[in-house]
Structures are given as structure tokens and as C-alpha cells.
Amino acid sequence: MLDSFGRKISYLRLSVTELCNLRCRYCMPEDGVCKKSHELMLTEEETLSAVEAAVSLGISKLRVTGGEPLVKPNILSLCRRAAAVEGLKELCLTTNGTLLPSLARPLKGAGVRRINISLDTLDKDKYAYITRQGELSRALEGLRSALDAGFEKIKINTVLIGGFNDDEIAALARLTLEYPLDLRFIELMPMRENSEFGEAAFIPNSRVLAALPALEEQPRDGGVARLYRLPGALGCVGLIHPISAHFCAECNRIRLTADGYIKPCLHSTAEYPIKGLDFAGMKARFERAILAKPEWHGELSAASASRAGREMNQIGG
Ligand code: SAM
Ligand code: SF4
């Protein structure tokens, strides 16, 4: 379906939980989030109805996210059922990777074709710091399990943070020389929770180009990242610039939160509830939300935080 600015909306990011086994400093409060009562969250049946309603309006790509989707007890059943929705072409999932050692193969079996793994550093102390409670070895083990499971595509998402991991740009990019994966640097977005990051943390990812002069530009693959490759690499280095060069004009996505709100734009407070609606009601709500998608996300900078009204773990990135 087209939105009111002529953009074809074909991609739904589905957050299946707000909970997470990590507490990344740019995403989530230190104490975690108050677990909401079950009645407030979408049931598996409602989630599937919502996916069907969205697909009936032209959604062809679904990304399961969170919070951490792999802490959700029914994640395999959700993925298997979503993958079977007629008309859905691509089921992808974004995870911090720590639970992939036992879940990579079952997820592949359930129909997940592509997987994104978040990894901001290769230093175990820095990993423990940024995630507040994570162990790097678990995330790396998860990455190895994903590589062994044979997904169609594996991407690493790295949030680039000035003074934290800008000294690791080359080391992280070198993963694309060793493994068949893409590594994307994402600019830090100013959410309410990350007010602890000063202005110096918000750096444009043009820094990556300066740090890696050997990068060669590649054709885009339909996603939002600008793509480059190190000579001889097995995968690409991608740059995602939500801040320094926003991609709103080509945005094809909408989001659905775990408590049942459609968000037409990540950085807007506008939300459309679907909990309790039947298929027809959900479809009508998706239509309204798509037509209300704003033209752009408004000013975003260290001094001008997102107006998302939720933390990233409650939206799904
Ligand atoms: N837990 C999963 C994970 O970490 O991949 C999925 C949910 S997480 C909210 C989705 C993505 O959002 C992750 O790649 C994470 O790095 C990114 N993210 C979270 N907060 C962010 C922020 N303030 N700026 C940029 N990216 C952010
Ligand atoms: Fe959890 Fe992902 Fe947020 Fe980190 S970025 S706290 S892993 S939801």
C-alpha cells in the first residue's frame, strides 16, 4: 500500500517482547522494564492476525525484533506461523545473539531466512560495560552458531559511539574479510534513555570512510544502508545514517509494538492500537496508520532527542 507521500510500505518490524537479557546503555534503563501484565500484550493469535492484516495490505517482509525476541518462550511457534502466512516473502529476525547457540538451527527450521546480530565491540570489558550485563563470549558463540546454521544472510549491527568503539572500526570491519557476513555501522540515535551519552558520542558514520580508505562503494541492495567492501572481503560494510542523512523519503517500514500499537514512524508519538480488534479491524487500523505516516522524523541530534515516546527496547529499533 502507498502512504500519503507515495512511499510503498512493504516492511513490518514486529516487536514481540519488551524484555531483554541485556541492558544496553543506549536502549534500556539499568533496572530493565516493568513487566506488563499478560492482558496488555498481544497474544500469539492476535500477533498472527496482525501479520495477516499487514500482509493483506502489501507487507512482504517481516522482521521479528524486541526487546530480545529470543527470550520469548513461544518464539519458534510465532516464527513458524508467521513464515507460513500466504503472501509473506521474507522473515528476518534481529537479536543480540546470546541465545543463538541453542536457537539458531530451530529458527532456521522455523522459516527465518535472514538474521541480524547486534555487536558493538570485540573487547570483552567494553561489551560488559555497554550491555551492563552481557558476556562477549556468548554473543560470539551465537554468531558462530548462526554461521553454522546456514541462514541466507547474516548481518552484524554495530551502533557507532564516539569515544567508545570508534577505535574499533577497522577491527570490526575486518570480520567481513573472515566471514560471509555484512557489518553495518548505525549512527547512535538520541533516545530518552541515552541522555548519559554526551554530544561527543553522536558521530556521523562518515568516520568509517575516513578510518577505512580502502573501502570500495557497492550497489545498494534495496535496504537503507550505503554499501562498501574491503578488497577481497566476503561481505559488505554498510553505513546507516538515520541522523546525518536521514532516509525518510525512501522509508518503506511500519512498526508494531509487543503491546499492540502500530507506529508509522519510529521517532513520532503517533500510535494506533490494535489489541482486541478482529482481522478487519486490524486491517482498517493498519490502513489508517500507513496513511498517517509522517513525511520525515523531524530534527534529531544530541540536543534534540527522539519524540518516540518509548525506549528502543519497546519499539524494536
Ligand atoms: N535485542 C535485539 C538486538 O539488540 O539486536 C533486538 C532489539 S534492538 C532494540 C534492535 C536494534 O536497535 C539493535 O541493533 C540495537 O543496537 C539498535 N538500537 C537500540 N538503541 C539504539 C539507539 N539509541 N541508536 C541506534 N540504534 C539503537
Ligand atoms: Fe536488549 Fe537489544 Fe536493547 Fe541491547 S539493544 S538492551 S540487546 S533490546
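The following legends describe close-up views of a predicted model.

Residues are numbered from 1 along each chain as its sequence is written, and chains are lettered from A and ligands numbered from 1 in the order in which they are written. In this predicted model, local features need pLDDT of at least 70, side-chain atom pairs count only at pLDDT 80 or more, and totals for chains, interfaces and linings use all residues, while side-chain values use heavy atoms, with hydrogens and water left out.

View 1. The shell around ligand 1 holds 20 residues, of which Gly67, Glu68, Thr94, Ser118 and Met189 come nearest; a residue is near a molecule or strand if one of its heavy atoms lies within 4 Å of it. By class, this shell comprises 7 nonpolar, 11 polar and 2 charged residues. In this classification Ala, Val, Leu, Ile, Met, Phe, Trp, Tyr, Cys and Pro count as nonpolar, Asp, Glu, Lys and Arg as charged, and the others, Gly among them, as polar. Strands β3 (90-95) and β5 (153-160) each supply at least two residues of the shell around ligand 1. Helices (H or I, at least four residues) and strands (E, at least two) are DSSP runs, numbered from the N terminus.

**View 2. Polar atoms facing ligand 1.** A polar backbone atom of glycine 67 is 3.0 Å from a nitrogen atom of ligand 1. A polar backbone atom of threonine 95 is 3.2 Å from an oxygen atom of ligand 1. From serine 118, a polar side-chain atom lies 2.5 Å from an oxygen atom of ligand 1. On its own, ligand 1 has 550 Å² of accessible area, and the protein covers 95% of this area. Accessible areas come from the Shrake-Rupley method with a 1.4 Å probe; for residues, only the protein chains shown count as cover.

**View 3. The surroundings of ligand 2.** Cys20, Leu22, Cys24, Cys27, Met28, Gly67 and Asn96 surround ligand 2. This shell divides into 5 nonpolar and 2 polar residues, with no charged residue.

**View 4. The aromatic pair of tyrosine 129 and phenylalanine 164.** The structure holds 1 aromatic pair. The ring centres of tyrosine 129 and phenylalanine 164 are 6.2 Å apart and the ring planes stand at 40°, so the pair is tilted. Rings of Phe, Tyr and Trp (its six-membered ring) pair if their centres lie within 6.5 Å; planes under 30 degrees apart count as stacked, over 60 as edge-to-face and the rest as tilted. Because tyrosine 129 lies in helix α4 (residues 124-131) and phenylalanine 164 in the loop between β5 and α6 (169-173), the pair ties together parts that are 35 residues apart in sequence. Tyrosine 129 is partly exposed, at 39% relative accessible area, whereas phenylalanine 164 is buried, at 9%. Buried means under 20% relative accessible area, exposed over 50%, and partly exposed in between (1.4 Å probe, protein chains only).

**View 5. Leucine 181 and its contacts.** Leucine 181 sits in the loop between α7 (175-178) and β6 (182-187). Its relative accessibility is 1%, so leucine 181 counts as buried. Not counting residues up to four places away in sequence, leucine 181 touches Leu143, Ile154, Ile156, Leu175, Thr176, Gly235 and Cys236; contact means heavy atoms within 4.5 Å. Between the C-alpha atoms of leucine 181 and alanine 233, which are 52 residues apart along the chain, the separation is 9.4 Å.

**View 6. Threonine 257 in its loop.** The loop between β10 (253-256) and β11 (261-263) contains threonine 257, which counts as buried at 1% relative accessibility. The side chains of threonine 257 and aspartate 259 make a polar contact at 2.5 Å. A polar contact is a pair of N or O atoms within 3.5 Å; within protein, one must be able to donate a hydrogen and the other to accept it, and residues adjacent in sequence count only if both atoms are side-chain atoms. Leaving out residues up to four places away in sequence, threonine 257 touches Ser15, Leu42, Lys263, Arg310 and Gln314.

**View 7. Isoleucine 262 in strand β11.** Isoleucine 262 belongs to strand β11 and is buried, with a relative accessible area of 0%. Beyond residues up to four places away in sequence, isoleucine 262 touches residues including Arg255, Leu256, Tyr272, Ile274 and Phe286.

**View 8. The backbone at arginine 132.** Arginine 132 occupies the loop between α4 and α5 (136-149). Its phi is near 65°, a positive value in a residue other than glycine. Most residues other than glycine have a negative phi.
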